[in-house]
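This report examines the arrangement of selected helices, strands and a loop residue. The sequence and structure are shown first.

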Amino acid sequence: MVFIIGGAFQGKLDFVLKEYNIAKNDIFFAGKGEILPDREIICGFHMLVKDWLINGLDPINETIRLIENGNINIIISDEIGGGIVPVDAFERKWREETGKCSCAVAKKAGRVIRIYAGIPQVIK
């Protein structure tokens, strides 16, 4: 599994589409209320974590289930842990849980790539 991380609008999706020769139709785009990815590539993992929280699910358990299933090849996620700490309690929890879930994904991933200004940096 490959884990692609980076800030918002840094070129993560473009990198994946080009590097892995993937069509957008092959990607599960999180953040639409769907909590069960139905494709091998997830874009917006951080939004999937948010949907899990909204639906009362434990994001860590859901992440472990997702990555141990073995059906996911690429996970793309925004880094949301930097910057000002949100005032809203839910937003803080989402940020914290996304960080924990990202650590679990990175640990399991065979490759972790950070995209910054469209430039890939292999971390693992």
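## Basis of the model

The model is predicted: local features need pLDDT of at least 70 and side-chain atom pairs count only at pLDDT 80 or more, while totals for chains, interfaces and linings use all residues. Residues are numbered from 1 along each chain as its sequence is written, and side-chain values use heavy atoms, with hydrogens and water left out.

## Helices α2 and α4

Helix α2 covers residues 45–54 and helix α4 residues 89–108; their axes come within 9 Å and cross at roughly 125°. That angle makes α2 oblique to α4 (under 35 degrees counts as roughly parallel, over 145 as roughly antiparallel, 65 to 115 as roughly perpendicular and the rest as oblique). Axes are lines fitted to C-alpha atoms, for helices over the stretch in contact, with angles from 0 to 180 degrees between N-to-C directions. Helices (H or I, at least four residues) and strands (E, at least two) are DSSP runs, numbered from the N terminus.

On the α2 side, F45, H46, M47, V49, K50, L53 and I54 meet α4 residues F90, E91, K93, W94, E97, T98, C101, S102 and V105 (contact means heavy atoms within 4.5 Å). By class, this contact has 9 nonpolar, 3 polar and 4 charged residues; Ala, Val, Leu, Ile, Met, Phe, Trp, Tyr, Cys and Pro count as nonpolar, Asp, Glu, Lys and Arg as charged, and the others, Gly among them, as polar.

Of the 10 residues of α2, 8 are buried, so the helix is largely enclosed by the rest of the structure (buried means under 20% relative accessible area, exposed over 50%, partly exposed in between, with a 1.4 Å probe and protein chains only). The buried residues are F45, H46, L48, V49, K50, D51, W52 and L53. Their cover includes β2 (27–29), β3 (41–43), α3 (59–69), β4 (74–78) and α4. After α2 comes G56, with a positive phi near 75°.

## Strand pairing

Strands β1 (residues 2–6) and β5 (residues 111–116) run parallel and are joined by 5 bridges; two strands pair if DSSP finds at least two bridges between them. In this pairing I5 stands opposite R114.

Strand β5 also pairs with β6 (residues 119–122), in the antiparallel sense over 4 bridges, and I113 stands opposite V122. The hairpin of β5 and β6 has 2 residues between the strands, and A117 takes a positive phi near 55°.

## Loop residue E34

E34 lies in the loop between β2 and β3 and is partly exposed, with a relative accessible area of 40%. Not counting residues up to four places away in sequence, E34 touches F28, L48 and D51.
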